[in-house]
Amino acid sequence: MNSSVSSSANLCAPLNPPVRILMGPGPSEIHPSVLAAMAAPTVGHLDPYFLKVMDEVQSMLRQVFQTTNHMTMAISGTGSAGMETCVVNLIEPGDRMVACVNGVFGGRLADVAARVGAAVTTIERPFGEVFSSEEIAEVVQRVKPKVVGIVQAETSTGAHQPLEEIARIVHEAGALLIVDCVTSLAGVPVEVDRLGIDAAYSGSQKCLGCPPGLAPVTFGPKALEAMDQRKTRVSSWYLDIGLLRNYWGSNRAYHHTAPINMNYALHQALRLVLSEGLEARFARHKLHHQALRAGLSAMQIQYAVAPEVSLPMLNAVRIPEGVDDVAVRSQLLNEFGIEIGGGLGPMKGKTWRIGLMGETAKKSNVLLFLAALEQCLNRQGVRPPAGAGIAAANEYYIASR
Ligand SMILES: *Cc1c(COP(=O)(O)O)cnc(C)c1O
């Protein structure tokens, strides 16, 4: 009856997204200058101006990954695309790969590897724990894998996997090490060259403080050698490093249309990371984590991870007995504009995941969150000592000046 598609009844209102305080597992808060960078004019993906942007993004990514790896670039896609890029380029059907699974993202790594045709051996730790070097030594001796994949910062559990010993063991066994640095990059040290990590991937929306949409990756010399020795073609056309290196490398051959404005955003986000300085940035993440921990502990809220292996940027805590997970998260969002994450996998309904990633890691967020949480807990009939959370966090900040 009504043939007019432009009838006003069908016209959506312009978007007007709410301003949130992003204290979940990512995306994290974004500096206004990063959002402004996205609004700059779009140029062509082979425009000399954009080629310069790509060069600078690569050079800044090398600094953040602490590597001189030439093959360092931003994959057009989210962190999971970075994961697939590392796996699909290093694995040929039938290759043995060990996947270390102590959370959802280790599980995803195993899934991706199996889909690419790897003969996958998984080793597991309960959610919230990390792998010992003995466990890794045992499995690499038994399986003799081509590749070992492990997550440095398990965002589903808040556990920080130490890598130093593991990297040594994997290399002594002649295997390649893939490390998931999606949440760790720019929040805790990711020392690609010092540890000899062969392939690492990250995502733009965690501690890098950029919207989601790009996945920084880096490949070391042994990884490139393994790619050169492949007998089969990489099963993904889009993520084939052999093709991508012609675009991000000196050839500048068209491969796909890079998301131009996302790369502007990453460029600005990386500028902010490097102008702050990596060491200062790691220290800032630690400071706010410790203040939050002091506050939560004064409110009798327990971490789901041992302190020695707690990540600063992802605080997984146990939901107190009798408290409704969803009701609290809704109240935080509706009354305070604060987003935190719920538990994933076996932690669903049992933990909250409080992110202090990148721009999110600041005093005002920690103090507001503790105040808001106190109100939410009170509504649930749980009454921590009044004001104790904020007082303890404040005390920590004052003492650490
Ligand atoms: C977020 C995350 C991913 C997946 O990244 P997406 O951007 O959601 O695709 C992978 N690994 C870890 C550890 C993460 O935190």
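How much area do domain 1 and domain 2 bury between them, and what share of it is on carbon and sulfur atoms? Before we get to that, a word on the model: this is a prediction, in which local features need pLDDT of at least 70 and side-chain atom pairs count only at pLDDT 80 or more, while totals for chains, interfaces and linings use all residues. Residues are numbered from 1 along each chain as its sequence is written, and side-chain values use heavy atoms, with hydrogens and water left out.

Let's start with the overall layout. The protein chain splits into domain 1 (32-275) and domain 2 (277-399), with bounds that come from an automatic or database domain assignment. Their C-alpha centres are 29 Å apart.

Now to the opening question. The two domains bury about 2,000 Å² between them, and 69% of that is on carbon and sulfur atoms; buried area here is the accessible area (1.4 Å probe) lost by two parts on being put together, summed over both. On the side of domain 1, Phe 127, Gly 158 and Cys 207 lose the most area to domain 2, together 21% of what that side buries. In terms of contacts (heavy atoms within 4.5 Å), 27 residues of domain 1 meet 21 residues of domain 2.

What about polar pairing across this interface? The rule finds zero salt bridges there, a salt bridge being a side-chain nitrogen of Lys or Arg within 4 Å of a carboxyl oxygen of Asp or Glu. Eight residue pairs are in polar contact, however, both residues being at pLDDT 80 or more. A polar contact is a pair of N or O atoms within 3.5 Å; within protein, one must be able to donate a hydrogen and the other to accept it, and residues adjacent in sequence count only if both atoms are side-chain atoms.

Elsewhere, you can find an open sheet of three strands, ordered E11-E14-E13 with antiparallel pairing. Strand E11 (314-318) and strand E13 (341-342) are at the edges with a single partner strand each, so one side of each has no neighbour in the sheet. Strands (E, at least two residues) and helices (H or I, at least four) are DSSP runs, numbered from the N terminus, and two strands pair if DSSP finds at least two bridges between them. E11 and E14 (residues 351-355) share five bridges, and Val 317 has Trp 352 in E14 as its bridge partner.

Finally, the salt-bridge rule gives a count of 17. One of them joins Arg 115 to Asp 111, with the closest N and O atoms 2.8 Å apart. Both residues lie in helix H4 (residues 104-115), four residues apart, about one turn of the helix.
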